[in-house]
Amino acid sequence: MSRTKLFFGTIIMILLLFVLTASSFKPEHSEAIIANPNPVKTLAEKREIKLYNIRQKALNKALSEYFDKAIKSGDIVGAGVSIVNGDSVILSNGYGKRSYNGKESVDAETLFRLGSISKGFTGILAASLESDGKLRLEDKVSSYLPNFHFGSQQNTERIKLSHLLSHTSGTPYHSYTDLVEAGLSMSSISEKFNNVDPISEPGIQYSYQNAMFSVSQEVMLKATGKDIKTLLTDRFFEPLGMSSVSMDHESLMNTDNIALPHIKRRNGWKQVLPRDNYYNAIAAGGINANSLDMAKWMRFLLGHNPEVMSKDEMAPAFKPFIELKGHRKYYQKWPGHVKSSYGFGWRIHTLKENESGAEETIWHHGGSVNNYRNEIALFPESDLGICVLINGPSKLVKTVIPDLRAIVKSIYDKDIAVATSI
């Protein structure tokens with residue numbers, strides 16, 4: 001009996017010693033086991049946040065004043081604006097009203113028709129398909145479209161995809177735009193150019209086009225077996241989260257948050273309804289989008305979504321293909337303008353602030369369709385993008401890009417003193 005008591009007593013003592021030892025043990029790095037859910041920000045981080053907020057407030061104030069002035073002067077009804085800087089969307093906002101007779105305001109999700117800004121999507125798509133080996137920009141159009149004829153057989157054989165995308169096929173200015181607006185299919189229109197006489201050899205003369213430019217979507221269809229809607233959606237819109245984008249009239253009209261187009265009358269504005277043309281020519285002018293998704297698109301174009309497409313793969317679209325001569329176009333009157341060219345769906349401008357200053361490149365395009373008037377511009381050296389969508393004709397579009405560029409520069413290039421006592 002005494003041996004049994006001794007045995008159990010020993011066991012109890014061992015257990016007590018184990019419990020006491022375990023409770024007093026602390027691992028060498030025990031403080032790392034539970035992370036601090038609210039780490040104290042460094043002084044530098046606090047200053048950066050403060051500086052960001054100061055600049056955001058200044059930018060919002062400056063743009064509100066800028067567009068309020070345009071609205072009060074009767075130059076615009078409403079505008080959707082997006083600005084990206086680096087990987088950040090520093091502004092995506094709306095100004096004015098969706099409809100002159102309505103009360104709803106334009107915001108970042110208000111839908112607009114893009115018009116010829118659509119051409120920039122097509123140029124990037126062509127570069128993407130070339131990168132994937134689906135086609136080449138120097139492929140002959142007739143290799144894909146045997147019923148395509150323009151001028152002599154020799155001339156037809158010389159026309160390449162690059163000529164379609166740069167407006168240098170030798171087609172007279174705006175040939176068959178009337179057929180596009182009448183709603184004929186691009187497949188049908190592409191077979192009618194044998195009735196048009198070339199004004200130059202391919203690649204020699206710039207002559208702006210919607211119909212011939214949109215023949216490119218037929219080439220892409222033959223090369224991939226997919227229509228341009230599917231190609232743009234699969235390659236760009238879905239991966240980039242551009243959820244507002246549509247490419248048909250029905251989707252536009254079924255959207256609650258839409259900016260309606262306007263025409264000017266002597267005593268003010270008259271609201272009209274968006275028409276259903278150009279959706280047969282998506283490549284040239286058939287995309288609808290809002291400012292928020294245009295910000296995502298610009299951030300992508302500046303190279304911040306390399307998993308979707310790299311800057312090197314996009315580069316062919318932004319390479320000058322044909323010089324734009326003259327000095328009469330509004331963009332040729334921008335301060336510091338040196339020269340302009342056209343790539344594939346993009347105008348490429350060179351500006352210089354002063355004689356001793358560095359040259360600055362701008363990738364730019366305007367868009368005009370159904371009384372919507374838009375501008376997009378990217379400044380690759382500054383990692384900056386600006387897009388303005390307007391629901392009516394406006395003289396503001398002639399200067400809105402350099403105006404907003406100057407506002408952004410005045411705010412973001414300026415040293416701002418931030419209190420050290422933050």
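Strands here are DSSP runs of E of at least two residues, helices are runs of H or I of at least four residues, and both are numbered from the N terminus; two strands pair if DSSP finds at least two bridges between them. The model is predicted, so that local features need pLDDT of at least 70 and side-chain atom pairs count only at pLDDT 80 or more, while totals for chains, interfaces and linings use all residues. Residues are numbered from 1 along each chain as its sequence is written, and side-chain values use heavy atoms, with hydrogens and water left out.

**Exercise 1.** Describe the hairpin that joins β4 to β5.

*Solution.* Strand β4 (residues 262-265) pairs with β5 (residues 268-271) in the antiparallel sense over four bridges.

**Exercise 2.** Which residues touch the most other members of the largest nonpolar core?

*Solution.* A nonpolar core is a set of buried (under 20% relative accessible area, 1.4 Å probe, protein chains only) Ala, Val, Leu, Ile, Met, Phe, Trp, Tyr and Cys residues joined through side-chain atoms within 4.5 Å. Among the 78 residues of the largest one, the answer is Ile 124 and Trp 297. A second, separate core of 36 residues includes Leu 324, Tyr 330, Ile 390 and Leu 404.

Notes
Buried < 20%, exposed > 50% of the residue type's maximum accessible area, 1.4 Å probe, protein only.
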